[in-house]
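Subject: Structure handover

Hello,

Here is the structure for your files. My notes on it come after the model.

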Amino acid sequence: MSTVYPVSLTASEQVYLQGEQFAEKGGFLNKYKLMHTEQEVSLSDLVVNVLSAAFLGSEKAEAIRLEVRQKKALLGLTKVTSIYAEPLTQPGFPPYSLEAQISQLAGQFKQMKGENEVWKIVYTWMRQDVVAPWQGAAERIQAGMGERQLLDVIHEKKLKIFTTTRYELPEATRALAVSLPAEPVQQLLADCRINRPEVWNLLVKQIKQGIDRRKEQDTSTE
């Protein structure tokens, strides 16, 4: 079966496939090998920037608006500042792209009494609790790109019982990523970080919160 590849990438896909231009070098306990090179970058830095690019790219396309506002906390006794992804228009993003998923979830949560906070969208996008949530987030990014046919999806049988999934980067996608300049997406992130620091700080904080809350809890007893 022949594969038809998209002619462009979304902002989040560029960050992932050009990771060395968006993430710091990996440390001893926080490293992730990129698919297109032998380089290793900070896993958390890469994932945060991929998701930030997805939210900001969605906002630039006027699919959502990132809105900072206060909400009640501690049974209404106090207020805290939070950030929401307000749905605006039907997005024209490719199906299965991270931007399309975020826009869809923002619309769904908006209908649930305004529960469309960024961290809840990220938490739901993760789907399930996992032992290593940051690695799980990277795999969720890969899964979406696999659905987009940007990555080859390889299913393998282990011990004739368990099926595992891994992803490979085809040459067509590698060439596509190389052909696109990183500067527009770098500027997208920098503009928010420099010109809207409150939005940027809350966005990053809630992306981390949504992922960290997917840490699988040990329920075993002594």
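The notes below cover pockets, the cavity, aromatic and charge-over-ring contacts, and salt bridges.

This is a predicted model, in which local features need pLDDT of at least 70 and side-chain atom pairs count only at pLDDT 80 or more, while totals for chains, interfaces and linings use all residues. Residues are numbered from 1 along each chain as its sequence is written, and side-chain values use heavy atoms, with hydrogens and water left out.

Pockets and cavity

Both kinds of space were found on a 1 Å grid over the protein atoms alone: a cavity is a set of points where a 1.4 Å probe fits but cannot get out, a pocket is an open set with protein on both sides within 12 Å along at least five of seven lines, and a lining residue has an atom within 4 Å of a point. Grid points are joined across faces, edges and corners, and a volume is the space filled by probe spheres set on the points. Helices (H or I, at least four residues) and strands (E, at least two) are DSSP runs, numbered from the N terminus. In the linings, Ala, Val, Leu, Ile, Met, Phe, Trp, Tyr, Cys and Pro count as nonpolar, Asp, Glu, Lys and Arg as charged, and the others, Gly among them, as polar.

The largest pocket holds about 290 Å³ of space. Its lining has 14 residues, and those nearest the centre are Tyr 96, Gln 101, Arg 127, Arg 140 and Glu 147. Helix 3 (98-110), helix 4 (118-126) and helix 5 (133-147) each supply at least two lining residues, with the largest share, five residues, coming from helix 5. By class, the lining of the largest pocket has six nonpolar, five polar and three charged residues.

The second largest pocket has a volume of about 230 Å³. Among the residues lining this pocket are Met 126, Arg 127, Glu 139, Arg 140 and Tyr 167. Helix 5 and strand 6 (162-168) each give at least two residues to the lining of the second largest pocket, and helix 5 gives the most, four residues. Its lining divides into four nonpolar, three polar and three charged residues.

There is one cavity of 30 Å³ or more. The largest cavity contains about 80 Å³ of space, and its lining includes Ser 12, Glu 13, Tyr 96, Gln 101, Trp 125 and Arg 140. Helix 1 (11-17), helix 3 and helix 5 are the elements that give two or more residues to this lining. Helix 5 has the largest share, four residues. The lining of the largest cavity is made up of six nonpolar, four polar and two charged residues.

Rings

Rings of Phe, Tyr and Trp (its six-membered ring) pair if their centres lie within 6.5 Å, and planes under 30 degrees apart count as stacked, over 60 as edge-to-face and the rest as tilted. There are two aromatic pairs by this rule. One of them is Trp 119 with Tyr 123, edge-to-face at 6.2 Å centre to centre and 70 degrees between the planes. These two residues are about one helical turn apart, because they are four residues apart in helix 4. Trp 119 is buried at 12% relative accessibility (buried means under 20% relative accessible area, exposed over 50%, partly exposed in between, with a 1.4 Å probe and protein chains only). Tyr 123 is partly exposed at 26%.

Tyr 123 also has a charge over its ring: the charged end of Arg 214 sits 3.7 Å from the ring centre (NZ of Lys or CZ of Arg within 6 Å of the ring centre and within 35 degrees of the ring normal). The charged end of Arg 69 sits over the ring of Tyr 84, 3.7 Å from its centre.

Salt bridges

The structure has 14 salt bridges (a side-chain nitrogen of Lys or Arg within 4 Å of a carboxyl oxygen of Asp or Glu). Lys 71 and Glu 117 form one, at 3.1 Å from N to O. This pair links distant parts of the chain, with Lys 71 in strand 3 (residues 64-73) and Glu 117 in the loop between helix 3 and helix 4, 46 residues apart. Lys 71 is partly exposed at 28% relative accessibility, whereas Glu 117 is buried at 4%. Glu 117 also meets Lys 120 in a salt bridge (3.6 Å, N to O), and both of these residues are buried.

Lys 110 and Glu 86 form another salt bridge, at 2.9 Å from N to O. Lys 110 lies in helix 3 and Glu 86 in strand 4 (residues 78-87), so the pair ties together parts 24 residues apart in sequence. Lys 110 is partly exposed at 36% relative accessibility, and Glu 86 is buried at 7%. Both belong to a network of salt bridges that links Arg 65, Glu 67, Arg 69, Glu 86 and Lys 110.

Regards
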